[in-house]
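Welcome, and please take a moment with the sequence and the model below. A short tour follows.

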Amino acid sequence: MIVKGFDLTSATENLIVESIKANHFPHAVLIEGSGAAQRAALADKIALALICGNKETVPCGECSDCIKASHRSHPDIIYREPDSGTSAPLYKVESIRKIVEDCYVLPNEADVKIYIIADADKMNISAQNAFLKTLEEPSAHSMYILLCSAKEAFLPTILSRVTLFNIGEEEREEASEEAKNAADAVALALTQANEYEILKAAGVFDKNQKLLTETLPLLEEIFAQALRIKLDAAVDEPTGTPVTLARTLSSAALLRLIDSAEKIAAGIKQNANLNLTIVRLCTCFRSAVKEQE
Ligand SMILES: [Zn+2]
C-alpha cells in the first residue's frame, strides 16, 4: 500500500505512515506540540488516509470518502472542540459522555469512525475520567485523534492508553537565569490579588523582547506543572512556584493562563508591538486568575 500526503522527512510522520501501511495505526493517539494549525493539519491527513476505501493508495483523492473528507463533510470524521462557556472554553462532561455513547454506534459510510478532538487538554478531571471509558473499553470501529499543546494536563491513566506523537521537536535551549527569575516573579505575582504586582513583575520585559520570548514558554510550563499537581497527576517531588500556584489558583484559572501564554507567544511571533504585548499579558493573566473569585 502507498500512503500519500505525508512529510517523510519528519520522523513522526514516517512512523505514522508505516503504521498505516501495516494496518496497525493505534486506536487512540495524542498529537502534542507545535501550533494548533499544524496539529489540526496532521490530524486531517491521518483521518484522510484512514478513511479512504482504496486498497492500493491512500488517500486516493477520488473515492467518495476522500472527497467528503477533504471537504470536512464526511459523516464518520467527527470534529470536536471545547464547549465555550462564560470563562475559558472547556469540555463539559456531558459533551464527552456524548462522544462515549456515540462511539459504540456503527459508522455511517466508512469502516471506521474517527474522532478528532481539538484542545483535548481542555478536559477537566471529570471529563478525562468520562473519556477514559472509550480507551478502556474501545469500540472496534472508533479511533481517536486527540490534539493538545502539552500532554502534562492529562491524567496518567489517559497517557498510558494513547500513543503519543510529538510534533514540536524544536530543540529548546537551556533558559537563562534571568528568564527563570522573570517567570517565577510573574507566576508568583498572579497568586496575589493585586494588579500592581503583575505590572511590577512584567516591568522587566520593558524594551526586552528577547527576555519575554524566552520567559513565556517557562511560564506555560509552570502553569502546566501547577495543573498537574492540582489534578494529582504524577509530578516528581513537586516544589517551588508550581506548588504555590496549585494551592492558590483553580484548575480553570490555570488552563486560562496556559491559553493566554500561548496566545501572547503567538502574537510575538507575528511581530506584535512589545509595549502592547506587555499590557496584554498583564490584562489577560489578571482576568485569567480573577474570574474564579
Ligand atoms: Zn479515497
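Which spacing do the donors of the zinc ion follow along the chain? They follow C-x7-C-x2-C-x2-C.

## About the model

This is a predicted model, in which local features need pLDDT of at least 70 and side-chain atom pairs count only at pLDDT 80 or more, while totals for chains, interfaces and linings use all residues. Residues are numbered from 1 along each chain as its sequence is written, and side-chain values use heavy atoms, with hydrogens and water left out.

## The zinc site

Four SG atoms, from Cys52, Cys60, Cys63 and Cys66, coordinate the zinc ion at 2.2 to 2.3 Å. Donors here are N, O and S atoms within 2.8 Å of the metal (3.2 Å for Na, K and Ca). The site is tetrahedral, with angles of 105 to 117° among its 4 donor atoms; for four donors, that term asks for all angles between 85 and 135 degrees.

Cys66 counts as buried because its relative accessibility is 2%, whereas Cys63, at 21%, counts as partly exposed. Buried means under 20% relative accessible area, exposed over 50%, and partly exposed in between (1.4 Å probe, protein chains only).

## A look at Glu56

Glu56 sits in the loop between helix H2 (36-51) and strand E3 (57-58). Helices (H or I, at least four residues) and strands (E, at least two) are DSSP runs, numbered from the N terminus. With a relative accessible area of 59%, Glu56 is exposed.

Leaving aside residues up to four places away in sequence, Glu56 touches Met1 and Ile2, where contact means heavy atoms within 4.5 Å. Thr213 lies 157 residues from Glu56 in sequence and 46 Å from Glu56 in space, C-alpha to C-alpha.

Technical notes:
Tetrahedral: all angles 85-135°; square planar, octahedral: opposite > 155°, others 65-115°.
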